[in-house]
Amino acid sequence: MSAATARQDGGHETGPEDLLGALAQLARDLQRVVGTRDTLQKTVAAAIEMIPGAEDGSISVVNARERIESWAASGDLPRAVDEVQGEVGEGPCLDAAFEAEVVEVPDMAAEERWPDFARRASEAGVGSMLCLRLYVSGADLGAMNLYNRAPHAFTEESKHTGMPFAAHAAVALAQVQQRQHLLTAIDSRDVIGQAKGILMERHKLSSEQAFHLLTTASQHRNVKLRTIAEELVFSGQLKGPHGTA
């Protein structure tokens with residue numbers, strides 16, 4: 001099938017010029033909403049528009065090869081399928097996607113690699129599926145998943161067209177994760193600052209002394225510093241090596 005062949009699901013052309021134009025527009029859109037979940041939604045919407053066979057899609061994050069979350073989804077079906085993979089502990093994102101960049105499920109009703117997942121996904125209405133790996137970091141995975149309610153909806157053309165969108169999705173996902181890590185760090189700094197303030201006021205300590213007290217409690221109890229600070233802020237008590245402060 002040539003790059004200019006009409007899409008099976010809607011009759012739209014996916015020629016090289018159309019694809020390049022779509023990717024350029026997607027890049028401009030992502031620049032305007034960098035670091036937000038909206039970047040992922042835009043990427044999923046563009047992929048569905050341009051990749052032959054795609055009716056629904058999602059960008060999912062898998063933690064420790066078992067916990068899967070839909071960070072962006074076109075509808076209820078992708079979210080439901082992600083939940084199924086998490087519940088049964090098998091599926092393209094949780095297994096084969098760690099071994100291959102592209103995983104295709106031509107006929108979900110006849111799929112034998114993940115029998116429990118395939119049965120439930122088929123019952124949910126999935127006929128075929130295409131999974132494009134975004135990244136692998138240890139036991140964590142990011143993937144873009146594409147769905148069609150009919151079997152054998154995806155072709156080699158779908159895979160070739162999908163790879164550039166996967167590259168954009170990987171960048172967008174990394175930006176969102178970086179933003180979330182930054183916000184988490186800011187939240188941690190704020191709550192630690194509040195805990196220090198409580199100790200400084202209560203015991204007339206300096207900032208350095210209050211922080212030392214928090215870190216000592218953290219080390220003694222083998223609990224994260226942020227957890228110690230949250231405990232003090234919300235309960236008013238600090239449990240440490242010398243009792244409650």
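How much accessible surface does the protein chain have, and what share of it belongs to carbon and sulfur atoms? The total comes to about 12,200 Å², and 51% of that belongs to carbon and sulfur atoms. Accessible areas here come from the Shrake-Rupley method with a 1.4 Å probe, and for residues only the protein chains shown count as cover.

Before going further, keep in mind that this is a predicted model: local features need pLDDT of at least 70, side-chain atom pairs count only at pLDDT 80 or more, and totals for chains, interfaces and linings use all residues. Residues are numbered from 1 along each chain as its sequence is written, and side-chain values use heavy atoms, with hydrogens and water left out.

Let's start with the overall layout. The protein chain has seven helices and seven strands, where helices (H or I, at least four residues) and strands (E, at least two) are DSSP runs numbered from the N terminus. Walk along the sequence and you get α-α-β-β-α-β-α-β-β-α-α-α-β-β. Of the 245 residues, 42% are buried; buried means under 20% relative accessible area, exposed means over 50%, and partly exposed is in between (1.4 Å probe, protein chains only). Now for contacts, meaning heavy atoms within 4.5 Å. Among those with a separation of 6 or more, 57% join residues 24 or more positions apart.

Next, have a look at helix 3, residues 76-88. Its 13 residues reach 18 Å from first C-alpha to last, close to the 18 Å expected at 1.5 Å a residue; the expected span is 1.5 Å times one less than the number of residues. Leu77, Pro78, Val81, Asp82, Val84 and Gln85 are buried in helix 3. They sit on the same side of the helix because they cover an arc of only 155° around the axis, the arc being that of the directions from the helix axis to the C-beta atoms. The background is simple: an α-helix has 3.6 residues a turn, so residues three or four places apart point the same way. On the other side of helix 3 you'll find Asp76, Glu83 and Glu87 exposed.

And what do the buried residues of helix 3 pack against? Their partners are strand 1 (56-63), strand 2 (67-73), helix 4 (115-124), strand 4 (128-137) and strand 5 (140-148). Just past the end of helix 3, glycine 89 takes a positive phi of about 70°.

Helix 6 (residues 207-221) can be read in much this way. Asparagine 222 follows helix 6 with a positive phi, near 55°.

If you're wondering about cysteines, a search of the whole structure finds zero disulfides (a disulfide being a pair of cysteine sulfur atoms within 2.5 Å). For cysteine 93, the closest cysteine sulfur is that of cysteine 131, 3.7 Å away and therefore too far for a bond. Cysteine 93 is buried at 0% relative accessibility, and cysteine 131 is buried too, at 1%.

Finally, the aromatics: the count comes to one aromatic pair. Rings of Phe, Tyr and Trp (its six-membered ring) pair if their centres lie within 6.5 Å; planes under 30 degrees apart count as stacked, over 60 as edge-to-face and the rest as tilted. Tryptophan 114 and phenylalanine 117 make an edge-to-face pair, 6.4 Å centre to centre with 80° between the planes, and both residues are buried.
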